[in-house]
Amino acid sequence: MNAVLGLEDGTIIQGTGFGAEGIVSGELVFTTQYTGYEEALSDPSYKGQILMFTYPLIGNYGVSNNCFESDGVKAEGLVVRESCPDPSHHKSKRTIFQLMEDEGKPGIAGVDTRMLTIKTREYGTLRAALINGSDDGEEAVRLARKQPHISEFDYISMVTCKAPYKLESPLRDPYNPKHVVLMDMGMKRSITTSLLKRGIDITVVPANASTSMIESYEPDMLFLSNGPGDPQQAKNAVEAVKKFAGTMPIVGICLGHQILSLALGAETYKLKFGHRGANQPVKDFETGIVHITSQNHGFAVNGDSFESEDVVVTQINANDKTVEGIAHKYLDMFSVQYHPDAHPGPMDTETIFFGKVLKLLEGEQ
Amino acid sequence: MPKRTDIKKVLLIGSGPITIGQAAEFDFSGSQACRSLKEEGLQVVLVNSNPATIMTDPEMADAVYIEPLDPKTVAKIIEKERPDGIIAGIGGQTGLNITSELAEMGVFEKFGVKLLGTSLQAIKNTEDRELFKETMESIGEKVPRSKAVSTLAEAEGLIDELGLPLIIRPAYTLGGAGGGIAHSREELLEITERGLRRSRISQVLIEESVLGWKEFEYEVMRDANDTCIVICNMENLDPMGIHTGESIVVTPSQTLNDEDHQMLRTAAIKIIRALGIEGGCNIQFAAKDGEYRIVEVNPRVSRSSALASKATGYPIARVTAKIAIGMALDEILNDVTKKTPASFEPTIDYIVTKIPRWPFDKFVTADKTLTTAMKSTGEVMAIGRTIEESLLKAVRSLDIDMCFGKGEWNENEIPALLKTPTSERLFVIYKALATGFSIEEIVELTSIDPFFLRKIKNIVDMENTLKEAASKGDLPIDVLRKSKRMGFTDERIGELTGRTRAEINDLRRNAGIVTTYKMVDTCAAEFAAATPYYYSCYEQMCETNPSDKKKVLILGAGPIRIGQGIEFDYCTVHAVTAIREGGIEAHIINNNPETVSTDYDTSDKLFFEPLTLEDVMNVIEREKPDGVLVQFGGQTSVNLAIPLEKELKRRTDIPTVIMGTSPADMDVAEDREKFNVMMKKLGINQPEAGYATSQKGAFEVAARIGYPVLVRPSYVLGGRAMEIVYDQNDLERYMREAVRVSPQHPILIDDFLESALEIDVDAVCDGKDVLIGAIMEHIEEAGVHSGDSACVIPPQSFDEDTLETVRDYTRKIALALNVKGLLNIQMAKQNGIVYVLEANPRSSRTVPFVSKAVGLPLAKIAAKVIMGYPLKDMGYSLDKEPQVNHVSVKEVLLPFDKLPGADPVLGPEMKSTGEVMGIDYDYGRAFFKAQLSADNLLPLTGKVFMSIRGADRVQLVEVARKLKDAGIELIGTDGTAEYLAEHGIKMDIIKKVRDGSPNVIDMMRRNEVSLVINTPINKQARKDGYRIRRAAVDFKIPYITTIQAAMAAARAIESMKAGEIITKSINEYHREILKP
C-alpha cells in the first residue's frame, strides 16, 4: 500500500504504508532509542505527535501484550525505515503491522529517517501529515500546514482518565499505609508500577480534578504524572500545586515537573526538537554522578526564571545543560524532567527517584 | 573530578605480536590512549615488542621501548624511566598479566608506581574463575554452575556433578586459548590438561554448558565518580558454545525487547560497580527467554571494545585512558560531536555486522570446528541500514573466495554442516535456505534465532525475484532499486540476470540509483557531528560534502589474515599521515574495525566499506579524488589496481587516476614472464623457472630445472599451496593432492635454491632516485616463506661486495619498473651468486620493522614521493642504507598453539600471524630478545632435546658444542647421539617416540625439557617429528624447527651467558643513527 508523509516545509516522502488506512497529522518527532517501540507508541505523552524511530528496524521482537504504557497506541502515526513482518521473541503475540492496524493508526516504512532527523535537528520540530493509502504528497503537505501549533491543543484532556480510581498496593503495610494522589495528565503505567512495588497505594485522578476532590482522598503526597503537549495547558494542575504547596509533598515527572515549576513561578519554553530517547545524560549535582535517562519531552523549564530563590536546579542535562530536576529547599517538593520510571529506557534512576519518594512518605508518618 | 596532579609520567604496556585472539585492536586502543594522555600534558612511556604497530612509532610517546613483554624487562624499564603510574587495561590480556606479575614481584611498591584505572583486585576478581563466581554471586548475579580445578582428577570428578558436555575455561588466557567444549570424558581430560598448561596460574574452570542459549555482550564504562554508561550492546548470531570472537556479531541487539535489554543493561552496570572497574569493560551474557547468566567479564579494552568503538564512533580507549588519570566522564569531551560530554550513551541508526576471518585455508590439518577457543586471525565489520545490507557488505569485506551462492554442498551433507559450526556455516545456511530447508529445521540444527535466518531468506528470495525478472527478459527499476537497497552488488545482480557488472552499473546509475553516504556520529543524528566517518547505503540523503581541495583516496588492507597482517595497516596510516602533512585531503576505505586506519581521526574522511571494485568506485564517484593509492594496503588493494584502472578509463566522467607505480608496471612485477624478460635485460640472475599447464609439462620442466623445485599455483597470496618437491613422485602427489594443473590454472616451477641465504630489501623510488631502507638477512634458509623467516638488520654474513650487488640490483629494478613509491625485493645468495626471487612494487610486511630498525619512515617517504616530492630534496643519503650500530632481529609468531592438530613446521607457505622485534648491540642478544618476545624463551640451563634430519648434522655439531659450553645438557635419540659422539660431544640417549615409553614426550609432559630442536624431514616420514613438535606446542615448551634458527639460538645463549641485555628506547637508538 502506498503511503505518504508531508511536512510543513513542503517535504514529501513516499513510502510503503502499514497499519490502518487513514490520515493523521501532528508534530513529527524522532526518538533515538533502539528498543522499546511498544512502550513508546503507547506513551500518552506522544499524543498529537507522529513518532519516528531513528533506529531503522522496528518490530523485530514483535508485540507482547504486557509492555504497554497505557491502554493502546497513543502516538498518532509511526514512521520507520523498515518494519519487521516476522518478529522473533518468546513473548510476541502479534506484529507491529497488526498492532497498528488493531489500534487504527497508520504507519509508513521505507523512509530515509535519518534525513528527516537531520531536517528536524536543523529546522526544529516540523508539523506533518501522514496518509496511508494514498500517494498524494501535496495533500499531505497541505494538511501538515493546516495543523495548528501543538500549544494550541489541550492534549491532556484527551489522554487523562475519565474518573478517579484506586490502585491498592499488594505490598501495602496495613499499619503504616502510604497513599498518593496521582494526577493523570497522560500517565505512563510504569509510574504506578514503581509506586505500587514500594507498597504505596495510589488514587489516580483526572487532570481536571478539583482541589477539593484531591483533598477528599486525604493523600500523603500529590504526584504529577507525565503527559503530552504544552505545560501551559495544564492550568488546573498548576493551580492544584499552588494550593497544596507546603501542605503535603508534591513530586512530578516530565510534564509533572514542568507543572510544578510553573506553579513555583518559573517559565517553560519549547525546545527546538526536544529530547526523546534512552541515552540522555543527566548530571546530578548532589552526587556528581551522571545518570543515563529515558526522556520524552518537547518543552523545558527555564532554570533562571524561578521567582523564589528557594527553588534550586538539582540536575541538568549534560548535553545541552537544560534543567532536568528541581527541588524546593524548604518544602517537600521535587521533580525530574526525565523518566525514572523507564520503560522504555534505562532503570538507572528508578531506585534513586522512587526511593526518595518512599522516604518522603515514610518521613510523613 | 579533575585529573590527578600526582601523575606526570605514565607507562603503557602494549599487547605484543598479533596472534590468534589478539589482533590489531590493541594497536588501535594503545595509540588512542597514547594520544589521549599526551593531550592532557602527560609524559608517556610505552613498551611493546611488536614493531608493526603505530603505537611503537617513536613520535607516539616520549619513550618507546620495543622490548620483550616480560615482567623482568618491564621492571627494568620502570627502574630506568620511573613513571608515576601504569595503565594496565590497554594492552589486552598481555598487559593485564604482566601488570599482575609486576605487582606480585613488588616492583610497583619498590619504585612508587601507582596502578591507574582498574585495580589489581578487580582484575583478580574477574580473571580468577573462583573469585569471579563468588563476586557475581555476592551481588545476586547468576553464573553457570562451575568449579575451578587445578588437577585432572578434580576435573574428572565433575562429570557426574555438572553433566556433559562441559565447558573448560583456563584462567588468565587470551581468546579462550586452551579451552574448549568436552562431550566425553576423554575430551575433558585432554582439554583440561592443555588448559592447565596454558593458564598462568594452572587453573581451569569447568562449567556447565549453556549451549544453545543466545549470547549478548555489553560494553560498559565507569569513572571514579561512579558514573556508568553502556557504549553499546551486541548480539551474537551464533549461540553460546562459540567464542564471541569466533561468532558473527551484530550491533545493536535485534531480538531483545526493551525489558530484556534493560535487564541485561542494569546487570552490566551493577557488575561494573561491584567490581570497581575504572575504564572500559566487556560483559558477556547468555540469555534465553528472559533468563540470563553472566558468562565472562573482561576488565579492560578488548577486541569487542574496538568493535564497539568503530560501531558507535565512541573512542573507548581514549576515554579509558583519561578516566585512568582521574578524569570524570562528564569532563571528557565527546570527540565526535565536539559539543557533548563523553558521559552519554551512544545510540546508532544502522546495523553493524562483524564476521571473523579464519586461517583455515592455511592449515589444512587443523580442526575447523568453531568452539570456545579462538581460531580466527582477524575480522571485518560492515555497516548498513538493514541486516541484509550489513551482512552482504560484511561477507564481501572478508575478501575470501566464498560468497552466498557459492559452495557445493549436497542436501545430505547440509544437516551435519549446520549442526557443527565451522567457518563456512553462514554459507551453508544460505545454501540450505536456497535448497528448500525450512527456517524451523535450520533453527533446530543451529540454535540461531529465526530472526536472522529470515533475513538470509530475504536475500535468497530477492535473488529469485531477480532471476525471475531476468527470465522474462526484464529488470524493472524498482526491483533493481530494492536489491541495491538490500546490499546486492552490481556484479551479483549481473550474475543473476545474465548481464555484466558494467551493464548493471550503468543501468542503475542512469535510473538515479546511486550510493549515498551516511555518517557514524554516536548519536543517530541528534547532534551535528564533526567526525567524517561514513558508510554507504541507498537512501535519499547523502551526507558527504566533497570539498574542492586536492584529495587522495587510500585503499586499506581489510581483515588481518596470515600473509596480510597489521604491517599493511601501518603502511596505510603512514601514507595518510604524510599526505595530510602535505596539506592534501586524505580519505581511507577499509573494513577492519581493529585498526588505527579506521580510527575516526586518522584520515580526513573514513569510508567504512568493503574493498571491492564497486565499493571503491562508489566512493570515487561521490568524492572524485585526484588520485587513488593502491600500493599501501597489501595484496587486497594491489589486486584492485588493474580492474580499477580499467573502470576509471571506462568512466570518462571521473577524473581520478591511480597514483604511484602504474598498474602496468605493477603487472610486470607480478607477471612471471614479463618479469623474466626484464631481469634478463638488466642482466640479473634469477633461479631457473618455468610453468606448466599439464602434468606431463610439469615433469618436463622440473626435470630440466633439476630437483628439488619450488611449485605453486600461478596466483598466490602469502605462498598459499606452495611446496618444495624433491622428486617426480613428490611432484605427482602435489598435483594430485594440492593443486590441479590445467591450462586455465598453470603451476609455476622454480629452481629451489638449496642452502641459499635469503635477503629482503625495502626501498623507495621516485622514478629517478632510490632510497634503500635496509637490507635484511633471513635467518632461515630459502624454502621458508619470507614472511615466516626471522631476519636481521644489518646482515650478519654478507661481505660488502654482496651488499653492493644487492644495492645495485635494487636500484636497477626500481628504475626499470618505474617505481613511484615502495618496493620490496627478495633475493637469495647461493654459491657466491645473488639471485632475484621476486620484486613487489608495493608496501611489504617488513616496512615497519625496517622503519623501526633504522629510523626511516619508509611508508611516509613513499607517500611523499607519490605526491611529487623528489627523494633528493628530503635529505636522506641515497648512497646506501642507513648504517647502524645496533642489531635488530625480527621474529615471527606462529599460531600453532591456537590450532589443535596443525603441524608446527615452517615451509614455503606462510603460517605466522605476527612479528616481534629484538634490539641489542649484539646479534646473539637481539636474537634472544626476539625469541623471548615471541614467547619462545631460550633456556640458559636445563636440557635440550635434539632430533635433526641428516642434512643438518654438520651444523648441529657447532650448535651442540655451544650449548654444551653454556652448561646445557643435551638429550637425543641414538642416531644423533652417535653422530655427536664421533665429534666428541656427549648426549644422553632416549627412546624414539615410536619405540614406546619413556621417550621425550614423557619427559616434556613432566616439564623436564627446556628446549626442543627438531628439524623436519620431508613430507611423508615425519610422524615422530610431528608428535614431538606438537607436544612442544601443547606443553608450551620452546621449540626450534630449522637448523639456522638453532645456530642463532646457540649463539644467543652464548651471548646471554657473556653479557647483560640492554634496555633502551628506540628513540635513543634512532638518535644514535643520526649522529655522524
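The C-alpha centres of domain 1 and domain 2 of chain A lie 28 Å apart. Domain 1 of chain A spans 2-147 and domain 2 spans 156-364; such bounds come from an automatic or database domain assignment. The structure is a predicted model: local features need pLDDT of at least 70, side-chain atom pairs count only at pLDDT 80 or more, and totals for chains, interfaces and linings use all residues. Residues are numbered from 1 along each chain as its sequence is written, with chains lettered from A and ligands numbered from 1 in the order in which they are written.

Between the two domains of chain A, 22 residues of domain 1 are in contact with 25 residues of domain 2. Contact here requires C-beta atoms, placed from the backbone, to lie within 7 Å. On the domain 1 side, the elements giving two or more residues are β3 (22-31), α1 (37-41) and α3 (113-123) of chain A. Helices (H or I, at least four residues) and strands (E, at least two) are DSSP runs, numbered from the N terminus. The largest share of that side, three residues, comes from β3(A). By class, the domain 1 side has five nonpolar, eleven polar and six charged residues. Ala, Val, Leu, Ile, Met, Phe, Trp, Tyr, Cys and Pro count as nonpolar, Asp, Glu, Lys and Arg as charged, and the others, Gly among them, as polar.

Within chain A, Lys188(A) sits in the loop between β11 (178-184) and α6 (189-196). Lys188(A) counts as buried because it has 28 C-beta neighbours inside 10 Å. A residue is buried if 20 or more other C-beta atoms lie within 10 Å of its own, exposed if 12 or fewer, and partly exposed in between, with C-beta atoms placed from the backbone. Leaving aside residues up to four places away in sequence, Lys188(A) touches Asp43(A), Glu69(A), Asn226(A), Asp341(A) and His343(A). The C-alpha atoms of Lys188(A) and Gly227(A) are 8.2 Å apart, although 39 residues separate them along the chain.

The predictor gives the complex an ipTM of 0.97 and a pTM of 0.95. Chain B has a mean pLDDT of 91, and 98% of its residues reach 70 or more; pLDDT is the predictor's confidence in each residue, from 0 to 100. Across the interface, 42 residues of chain B are in contact with 42 residues of chain A. On the chain B side, α9 (258-275) and α16 (450-471) are the elements that give two or more residues. The largest share, seven residues, comes from α9(B). That side divides into 15 nonpolar, 13 polar and 14 charged residues.

The buried residues of α17 (477-485) are Leu480(B), Ser483(B), Lys484(B) and Arg485(B). Just after α17(B), Gly487(B) takes a positive phi of about 105 degrees.

Most residues other than glycine have a negative phi, and most peptide bonds are trans. Exceptions of both kinds occur in chain B. Thr522(B) has a positive phi near 70 degrees, and Ala524(B) a positive phi near 55 degrees. Thr522(B) lies in the loop between β17 (516-519) and β18 (533-537); Ala524(B) is placed in the loop between β17 and β18 as well. Thr522(B) is buried, with 29 other C-beta atoms within 10 Å. Ala524(B) counts as buried with 25 C-beta neighbours inside 10 Å. A cis peptide bond joins Leu164(B) and Pro165(B), with omega about -10 degrees. Pro165(B) lies in the loop between α7 (152-162) and β7 (166-170). The bond from Tyr707(B) to Pro708(B) is cis, with omega near -5 degrees. Pro708(B) belongs to the loop between α26 and β25 (709-713).

Helix α26 (695-705) of chain B packs with α27 (728-737): their axes come within 11 Å and cross at roughly 145 degrees. Axes are lines fitted to C-alpha atoms, for helices over the stretch in contact, and angles run from 0 to 180 degrees between N-to-C directions. The contact pairs Gln695(B), Ala698(B), Phe699(B) and Ala702(B) of α26(B) with Gln728(B), Leu731(B) and Met735(B) of α27(B). Five of these residues are nonpolar, two are polar and none is charged.
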